Amino acid sequence: MSWFSQTLTSSIGKKLLMALTGLFLISFLVIHATINAMIFYNDGGETFTHWGHFMGTNPIIRTLEIVLVAGFLIHIADGLILWKNNREARPIGYAVNNRSANSTWYSRSMGLLGTLLLIFLVIHTAHFWIPNRSNQFATGEELNLYQMMLDIFQNIWVVLIYVGGCISLFWHLLHGFKSAFQSLGWNHVKYNGIISFVGTAFSIVIPLLFALMPISMYLGWVK
Amino acid sequence: MATSSRLDAKVPQGPLETKWSKYRSSVPLVNPANKRNLDIIVVGTGLAGASAAATLAELGYAVKAFCFQDSPRRAHSIAAQGGINAAKNYQNDGDSVYRLFYDTIKGGDYRSREGNVHRLAEVSGSIIDQCVAAGVPFAREYGGLLSNRSFGGTQVQRTFYAAGQTGQQLLLGAYSGLQRQVGMGTVKMYNRHEMLDIVNIDGKCRGIIARNLVTGELERHAAHAVLLCSGGYGNVFYLSTNAMGSNVTAAWKAHKRGAFFGNPCFTQIHPTCIPVSGEHQSKLTLMSESLRNDGRIWVPKAKNDTRPGNEIPEEERDYYLERRYPAFGNLVPRDIASRAAKERCDAGYGVGSSKLAVFLDFAAAVERYGKAEANKNNIHNASDSDIIAWGKAVVKEKYGNLFDMYKQITGEDPYQVPMRIYPAVHYTMGGLWVDYNLMTTVPGLYALGEANFSDHGANRLGASALMQGLADGYFVIPYTIGSYLSNEIRTGKISTEHEAFVKTEQEVRERIEKLLKIQGKTSPEVFHRRLGKIMWDKCGMARNEQGLKEAIIEIRQLREEFWSDVKVMGTATYFNPELDKANRVADFIELGELMCIDALTRNESCGGHFREEYQTEEGEAMRDDENFMFVSAWEHKGPEEWELHKEELIYENIKIAQRSYK
Amino acid sequence: MEGNMSLSLKVWRQSNKETAGGFENYKLDSVSPDMSFLEMFDVLNEQLIEEGKEPVAFDHDCREGICGSCSMYINGRPHGPLRGVTVCQLHMRSFNDGDTIVVEPWRAQAFPVIKDLVVDRDAFDRVVSAGGFISVNTGNAQDANSLPIPKEAADDAFSAAACIGCGACVAACKNASAMLFVSAKISQLALLPQGQAERSIRAEKMVAQMDAEGFGACTNTGACSAECPKEISMENIARMNREYIGAKFSSSAV
């Protein structure tokens, strides 16, 4: 094995990958949330569609999209491998466990939260991204994503699934954001406060913003 | 008196200051190619064992190391708290090799060998250098240089420390050096193995029989030299500050195979331990001697004063150490501090529910440090409560872990009420008799560290055990072993098929089978506790002829009872701590008898050995230099039978005086 | 007997590595609140011997919280309910009369059970052998004060070096990860000037050995540090990550 693959397959290397891809996905969330938030202009989707078109057609963005997909896949695959390795590290568990005494439940449930997010991701991409890109591939034309959102978010079950996804995202981020910095070795008395503050704020703001979208459309606040 | 012809200390001739350096330059060497073919067994991996094993492997010898714990890192050296002495004179307070040598001999009440002790003082500085280089995080000053503190029995600051965990840090340093050699394959490590006998062939020690404690199998291991670094035997008293597993078995087996036992009755009772709280007590916990730097020891002036310590006014307190020993005050040596505490308690001034405790009080130190903090920060009108808060913070930084430990064990907060302390068995100065080379009376068999008798006489000074363990392992044995092994290069591989191995293994097996077969009614633990009680009552802090004679009879009865009524659960074919314990207790019982015989023979008081018949009017120990300035080296002749050999102690460089700390 | 607490104990019993184990229930009366948890086990064992049953095997030695031998998972937590103490320093006054106490061994692939509550922690020794040292042969050292070390670095190194190698971090971690243990040693030596020469190779080798032993990875839950009897900080794990990643990307070992 080369030093590089040796590094990335070590326990610390796998965490490094999780942290780097995690932070990359966090940066994607900022863009995604910002553009989607254009719906709150409540201008019949005009601003949103403008930026959606930019994101769907700009060659740099399209290239980055491939990186994004790779980022997702690596984060998911690496997470599953870690989950498997970590389970193997303790083949026989404890009969009595008082884990809440020493750690938060969500920090121990990153795999579970991630799996919920993965299921959500499948549903979410099946709703928007996959049909849109397939259509672009087939016809060169983009779909009217804004109208699709309005239609899809009329179903209360879909809205609930999306809200559920956002809640999972909140807990996942609440640990993941700070954890990524720790994995990268960023633990310093001078900066821990700001990392913790930004991490918590980010974990609240972004999922809340996302959750408001289906809710707003379902309730007719955004038309 | 003349030294027995059976004892040759082999101390080099010439002036004291040059004995060791001349010896080192002239001791025979073994060439590197031959070292590879010479096997050395090290039993025990505390400071002496780990440092010896690592250093000998670095030199090129093929080393096997054994410990009964699950890892060499757990040896009981780890529990040493206060510090390690070295004659560095970093504090510019007049320290020197000679002073350390002198303090050690005087502290030992003139019962140790000059040559060995001077060598110890000479190499003490190198130990600190070596440990720092190996990454031991000693306490430092803001300038980045090493910090020192005071310890009992000295008037200079020569003790290096790492908070209250000096032993831990030193052991982990030695352990990391050992593990480095294990990783390189130059040391083969045997964890969870207990040495159960030595194997002698043609009068030389040629190996050991060890038991794999996990599988129960007996193993034969051959070597050209065997080093016993197995620590002391304080657990003969059942309650001591030793670890539960600390035992005399390795040294005792060697003794029964021809190694003379030196000064077995010299045991150290440490003055500052947490008092016994009840019948269930399994061990005692030490509060580091370093606490006596700042803590003041006292009892109420009135008998049966049951008020909490902090409510007894100043004028009703008796700071008896400061009263009796104004020059050294609370920092008198351990034997003296212990006896003084016992004297007060026996006289009815003890405190606590058992009345077997005295106060160790930090109130004065808190105030002093608080004021110093105020001065440092230029605050001139600080309130009393601020001063106390700052003072407590300083005390916490210096001794925090010890205070926490005290609180954990007793449930009392030592920042609020004075600690209660009482003396407890802590260390054994006696051990296998060794010559200047650290070799026992069995050729090829060495004893290092607490397992030998050599350096501390009748009383060890604080922070000197760590020094001796590392001195023996790092800087003495690597040289002195050459004088023996240089003659072994033609011996060749020693076969474990030799009849001596077969026979010794068989004897070990028979003893184990015998222990298991008795199936009496009493557990080894109960026998151990009974032995401990006899020893503490009659061969403890104070001894007398009558008591010792009784003790010998009682121990003999106990031994017979043990061998007819012990109940050992389980079998010998798997992990069985009960069997391990039974084996150890059986040896402790035999040792206890010898200790009492030795104490009975030594008709004087010296250091930790206090015979009530031999004291001054003021209650101080009264030595008898004319008749007892010798090392007792006991030869085992058979059951209940020993022969005393004497090694005369000759002091050419020290003026013998009544030991005074007044 | 001297105490007045009655307890129900549920203790893991297992003959050896190969056989499966299970819980046994025991009743203990007259437990004193001043007993340590291990002394309570001594009483249990004496009782078992009297009943002709085999006593419970458990690791213990110094009984003053420094050797790192004791290792019991008590009511779902390594070393029991208190923070910053080992089992041997845990006293029965931390429990109540009538309590049921469940005691299990450390659970980890890398720590197989030897018997009852005794586990094999040799993996830790092998990790140290891989690089947890400074390669300085005896006699090579310069004068101790020729190398001033900032007090802060010395204090931090000491805090990391306070690790007793008990394995509570592994036991507490949901992944049975040994990162707190390994990082404490890497940190101690990385913080000191003496440790600089082997800084890279040490991090690389110790982490490689840690992985080979079968410990899990870190999820940064902080359970290890919260349960560590010596309260070793998570900062050490961050430092180890830096040391390792830095070493891997900059050392000349390919």
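Two strands pair if DSSP finds at least two bridges between them. Strands (E, at least two residues) and helices (H or I, at least four residues) are DSSP runs, numbered from the N terminus. The model shown is predicted: local features need pLDDT of at least 70, side-chain atom pairs count only at pLDDT 80 or more, and totals for chains, interfaces and linings use all residues. Residues are numbered from 1 along each chain as its sequence is written, while chains are lettered from A and ligands numbered from 1 in the order in which they are written.

View 1. Strand β6 (residues 193–201) of chain B pairs with strand β7 (residues 204–212) in the antiparallel sense, over 8 bridges. B:His193 stands opposite B:Asn212 of β7(B), and B:Val199 has B:Gly207 as its bridge partner. The two strands form a hairpin with 2 residues between them, and B:Asp202 in the turn has a positive phi of about 50°. A residue is buried if 20 or more other C-beta atoms, placed from the backbone, lie within 10 Å of its own. In β6(B), 8 of the 9 residues are buried, so this strand is largely enclosed by the rest of the structure. Strand β7(B) is likewise largely enclosed, because 7 of its 9 residues are buried.

**View 2. The hairpin of β7(B) and β8(B).** Strand β7(B) also pairs with strand β8 (residues 218–222) of chain B, in the antiparallel sense over 5 bridges. B:Ile208 has B:His221 in β8(B) as its bridge partner. This hairpin has 5 residues between its strands, and B:Gly216 in the turn has a positive phi of about 80°.

**View 3. Two domains of chain B.** Domain 1 spans 270–425 and domain 2 spans 498–625, with bounds from an automatic or database domain assignment. Their centres, taken over C-alpha atoms, are 34 Å apart. In domain 1, 6 residues are in contact with 6 residues of domain 2 (C-beta atoms, placed from the backbone, within 7 Å). Helix α9 (residues 334–346) gives the most to the domain 1 side, with 5 residues.

**View 4. Chain B against chain C.** Here 64 residues of chain B are in contact with 66 residues of chain C. Helices that each supply at least two residues of the chain B side include α3 (47–59), α5 (114–133) and α16 (577–601). The largest share, 9 residues, comes from α6(B).

Technical notes. Contact = placed C-beta atoms within 7 Å. Buried ≥ 20, exposed ≤ 12 C-beta atoms within 10 Å, placed from the backbone.
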